[in-house]
Every structure is written in structure tokens, then in C-alpha cells.
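Hello,

Here is the structure I said I would pass on. Please open it alongside this note; my findings follow below.

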Amino acid sequence: MSTSTVSPTPREFSSRADERDGPGDHWVTIDGNHVLIHEPQGKENQQTPQGLAAQIPPEVKVEMARAIHDSNAPTVDDKKGGFHEKYGVAGLDATGKWVVSRDKSGPYGNPDNTVHVSPSGEPVDPNIAYSIVDPRVVFHVHPEGITAAGHGWVQPPSNVDKAATIPGQINAVLAAGEKKVYFYDESGVIGKPMKLKDFLEK
Amino acid sequence: MINHMPVRAGVLLLLSLLPSAAQQSAIVNLKIIHNGRPRPVPDHINLSFDDHSLEIPVQKGKFEVPPEFVAAPRVTFETDVEGSHIRLSDIAGADFTDEDWTVRLAERANDDYYAWRGPKTARIPSTCMLYLESIHEEPGRVYFEEHCRSKKESAGKSGTEQQVKPAAPKVVRASVPFYPSLARQTGIQGAVTLRVSTDGQRVSAVDAGNGPPLLVNAAKENVKTWQFEPHPPRSFEVKFRYRLLDSKCDSECKCGSEEKPSVVLQLPANVEVSAESLMLCDPAVEIRHKN
């Protein structure tokens with residue numbers, strides 16, 4: 001967990017549930033959620049991995065890198081490490097400080113005989129998770145473990161990842177095996193994946 | 001939550017609930033709007049209360065609510081329209097008046113979205129509690145616009161009763177509340193209490209009492225869409241309850257829960273929103289590059 005004071009950056013788009021339609025607004029019901037999505041005209045295609053990376057403060061990037069490290073570390077059921085996911089959300093708390101909420105480790109998955117792997121969906125500290133007033137970044141780690149049979153876990157965002165894109169947030173997959181960062185939205189991967197090294201340096 | 005009562009079509013076990021001589025049946029005009037266009041109405045609807053249920057034919061867009069149902073305090077209305085099962089519960093029987101009921105359906109546009117092409121708001125009577133549910137995935141979630149103004153209410157309550165306890169402002173228009181996606185993904189649930197002030201017709205201020213911020217924000221955004229029948233400005237408390245349904249993913253990463261998401265509106269005091277957890281699911285693959 002980390003906190004730092006960083007000035008909020010403008011959001012690329014937002015969602016709300018009132019009636020004030022405007023250019024670029026459209027209503028969708030996603031999995032039963034009735035949402036008005038606002039897409040600034042002419043800006044939606046301007047997102048680049050570099051631009052998105054620049055919106056993430058260094059302190060948050062350190063936590064994201066730590067999530068990769070933790071995915072490779074042993075857990076109770078993942079004895080060697082590298083076969084479980086990590087998940088986190090970064091955003092601003094009520095005082096305007098950046099806060100990172102990390103989830104507990106996801107369950108161990110052996111890609112030789114397990115068909116999928118997922119985050120735990122359970123925050124390490126619910127109080128920190130609940131303190132985020134303005135979420136900005138959602139990330140999770142795709143583990144890098146490979147079995148002797150040559151099986152591993154998908155590295156780019158999966159179809160479910162894309163379908164579960166959180167509107168208005170920076171959605172990122174940290175591909176531990178490829179050592180790359182994928183930014184994505186519901187329509188797919190945004191640009192080319194960034195090398196983890198470049199992401200951390202930006 | 002509302003119990004799911006099995007509907008036994010055609011059962012007429014209402015002898016013990018014979019209508020009083022004074023009670024009259026109600027004729028309801030039923031309209032179905034799908035994708036903004038009128039659609040054929042079903043040939044029957046089901047009404048039930050307690051453990052009694054009745055299949056009622058719909059003829060020329062109208063169905064007749066028997067007196068015993070008009071007299072019942074809580075009635076459930078159900079029908080199937082274009083693949084979606086529509087269920088509207090906890091209707092006061094007296095709310096079945098000779099008014100129009102309009103049911104609006106959302107349409108599934110593609111694999112990822114349920115695009116809503118109809119009106120963005122529903123007229124929601126404060127006297128009714130709505131239970132919105134779609135049992136089938138196709139064609140999508142259901143959305144209601146209906147009118148169930150009570151004859152009793154139209155007639156007006158006694159002046160004494162109104163003086164003793166001022167009626168809560170009546171909500172005439174509101175957006176359907178939603179469960180924020182991020183809260184669904186991060187397992188955030190719980191109750192939110194808001195203090196709402198009105199200017200006599202619209203919400204003039206909303207003060208958050210307590211609750212997770214993500215949910216507080218969603219609740220506040222929803223409350224801001226409420227509109228009321230003209231009334232003296234006042235403040236009142238509203239409680240939102242957000243509940244996540246346990247979800248699991250199958251071998252093909254199709255994730256969901258056994259229980260269906262729902263929205264229960266008991267305006268202006270209580271709102272309950274349940275939704276499936278928004279799961280992530282990443283498949284195993286063969287890694288082609290050399291170790």
C-alpha cells in the first residue's frame with residue numbers, strides 16, 4: 001500500500017446517471033447497469049500507451065511493479081510463485097491523495113490442468129479500498145509461470161478482461177511473462193504494449 | 001428481498017377470498033414497447049398474491065383484474081414478453097386502476113452491451129415498490145414504465161391523517177440506479193444513507209451520511225435524477241443497499257451467478273440494488289517461446 005500527494009489529472013471520460021445528454025454521450029446498459037457514458041468528441045482515439053502511462057504517478061507505478069513481484073512470490077497455495085494473479089485499484093481519496101488498494105492473491109492455477117486463473121476479488125484492506133473516492137487506474141497481473149509442458153497464462157488482456165473494462169478508468173494488464181504493460185478498453189488493446197521498463201521510467 | 005413464488009396458471013383457489021360487494025374489478029390497458037416501438041401484448045398475464053395465482057387473458061390489449069386482487073395488499077404481476085420474463089411485485093391491489101400500464105424492454109445490441117434505446121427514465125410511483133428482473137439473458141434487461149396511481153390515493157387521504165404525518169414527497173420520475181462496475185469488480189457492497197433536500201419539485205441538495213464512497217457517488221447521482229410531484233420543500237432520508245451476488249466462472253470463462261440481479265425501488269425511502277460480481281478470467285495458453 002502506498003499513498004502520495006499528486007495533483008489530480010483530468011479524466012478522459014466519465015460516466016454518470018443523469019439526463020444531461022450531450023455530444024458524445026450515449027446510454028448503455030452493461031450487465032444490467034444503466035450507464036451514461038460521455039466520450040469527449042475527437043479525443044477518444046487520441047489515447048496512447050505513453051499518454052496513459054504519463055497519467056499514472058510514479059508512486060502508483062511502484063505499487064504496480066510490486067504487484068508483479070508479488071505474483072511471482074510464493075503464496076500459501078502457489079508454492080513457487082508465478083501461478084497466481086494480483087489485482088489493484090489506484091485513485092484519489094477524499095483528501096486528493098493517491099491511494100493504491102491491492103487485492104489478496106488470487107488462487108493458484110496450474111495451466112496444465114486448470115483452465116483459467118482470476119484475481120481474488122477481495123481487498124487486502126477494505127478500509128483502503130473504500131477510501132478511494134475517485135478511482136483512476138485498475139490493473140492486474142497475468143502471471144509469468146510456465147509449466148514443463150509449456151503451458152502458461154495468457155499475457156495480453158483476455159476477452160473477459162476487455163468485457164470487464166471499467167469505464168472512465170485506465171485499465172491495465174501487467175504481463176509478468178512478457179514484461180510488458182497492456183492498456184486496453186472494451187474495444188481492445190490501446191496501441192502497442194509498453195515495455196515494463198519504459199512504463200516505469202515514463 | 002421478494003420471494004420467488006411459483007405461478008400456477010389457471011389456479012382458482014380464491015373461494016376463501018371472495019370479494020366484498022363494494023369492491024370492483026379494474027380494467028387495465030397493457031402496452032409493450034420494445035426498441036421504441038409498440039409490440040404485440042402477450043395473450044395472458046399472471047397475477048398472484050400470498051400463495052394464490054391466476055392466469056388472466058389479455059384481450060385487445062386489456063386485462064381485467066378481479067376484485068379479490070384489487071382488494072389484496074400485495075400483488076405480483078408477471079408475464080413473458082419477447083423472451084424476457086417480467087415480474088413486478090408488491091403492487092398494492094388498489095393500484096390496479098383503469099389506467100395504462102406500459103412495459104418497456106431494452107434490447108441487446110451485441111455481445112458486450114445491452115444498448116438502451118428507449119426513454120432514459122421511468123415514471124415510478126412512490127406508492128409502489130418495483131421489482132425489476134429478467135430471468136433470461138435475451139433480449140436483455142427489462143425496464144418499466146408504468147402507472148399505478150391508486151384510486152384511494154386519488155381520492156385523497158383524510159385531512160387529519162395528513163396533518164399528523166406529512167406524506168413523503170411522491171417521486172414521479174427517476175433513473176434506474178446502477179451498481180458501479182468498479183465496485184462490482186472490487187467487491188464493494190453495503191448501505192448508503194443520504195439526506196435529500198427538495199425545492200418542492202426537484203432535488204436541491206444531497207448530503208452523504210455514510211457508506212463506501214463509490215457507492216455514495218452512485219447513489220447521489222441517482223437521487224439527483226428524481227423528480228417529485230409539487231410539494232412544500234423538505235428534507236428526508238433515503239437508504240440505498242448494494243449487494244453483490246456470488247459469481248463463478250465456468251471452464252469457458254463464462255462468469256455469472258445463480259441469483260439474478262435486481263433493483264427494488266421503494267421510493268423515496270429505500271432502494272436495493274444487487275448485481276453480479278464483475279469477474280476477471282484469464283485462460284491458460286500454450287507458451288510458444290522458448291524458455
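Predicted model: local features only at pLDDT ≥ 70, side-chain atom pairs only at ≥ 80, totals over all residues.

B:Leu194 stands opposite B:Ala208 in β15(B). Together they make a hairpin, with four residues between the strands. B:Gly200 sits in that turn and has a positive phi of about 110°.

How many of the eight residues in β15(B) are buried? The count is zero. This strand, residues 203-210, is hardly covered.

B:Leu194 also turns up in another setting. B:Ala219 touches B:Leu194, along with B:Val192 and B:Phe240, leaving aside residues up to four places away in sequence.

Now the cores. The largest nonpolar core has 63 residues. Both chains supply residues with the most contacts inside it. From chain A these are Val137, Ala172, Leu174 and Phe183. From chain B they are Leu215, Ala219 and Phe240. Which element gives this core its largest share? Helix α5 of chain B, residues 213-223, does, with six residues. There is also a second, separate core of 13 residues. Among its members are B:Ala26, B:Phe69, B:Val70 and B:Ala72.

Next, a sheet built from both chains. Three strands form an open sheet in the order β7(A)-β22(B)-β9(A), with antiparallel pairing. The edges are β7 (116-117) and β9 (151-153) of chain A. Each has a single partner strand, so one side of each has no neighbour in the sheet. Within β22(B), B:Asp282 is the residue opposite A:Val117.

Last, two backbone angles to look at. Neither residue is a glycine, yet each has a positive phi.

- B:Lys60: phi is about 55°. The residue is in the loop between β4 (52-57) and β5 (62-65) of chain B. Buried or exposed? B:Lys60 counts as exposed, because there are 7 C-beta neighbours inside 10 Å and the cut-off for exposed is 12 or fewer.
- B:Cys253: phi is about 60°. The residue is in the loop between β18 (248-249) and β19 (255-256) of chain B. With 19 C-beta neighbours inside 10 Å, B:Cys253 counts as partly exposed. A buried residue needs 20 or more.

Best wishes

Key:
Residues numbered from 1 in each chain as written. Chains lettered and ligands numbered in written order. Core = buried A, V, L, I, M, F, W, Y, C linked by C-beta atoms within 7 Å. Helix = DSSP H or I, 4+ residues; strand = E, 2+ residues; numbered from the N terminus. Contact = placed C-beta atoms within 7 Å. Pairing = 2+ DSSP bridges.
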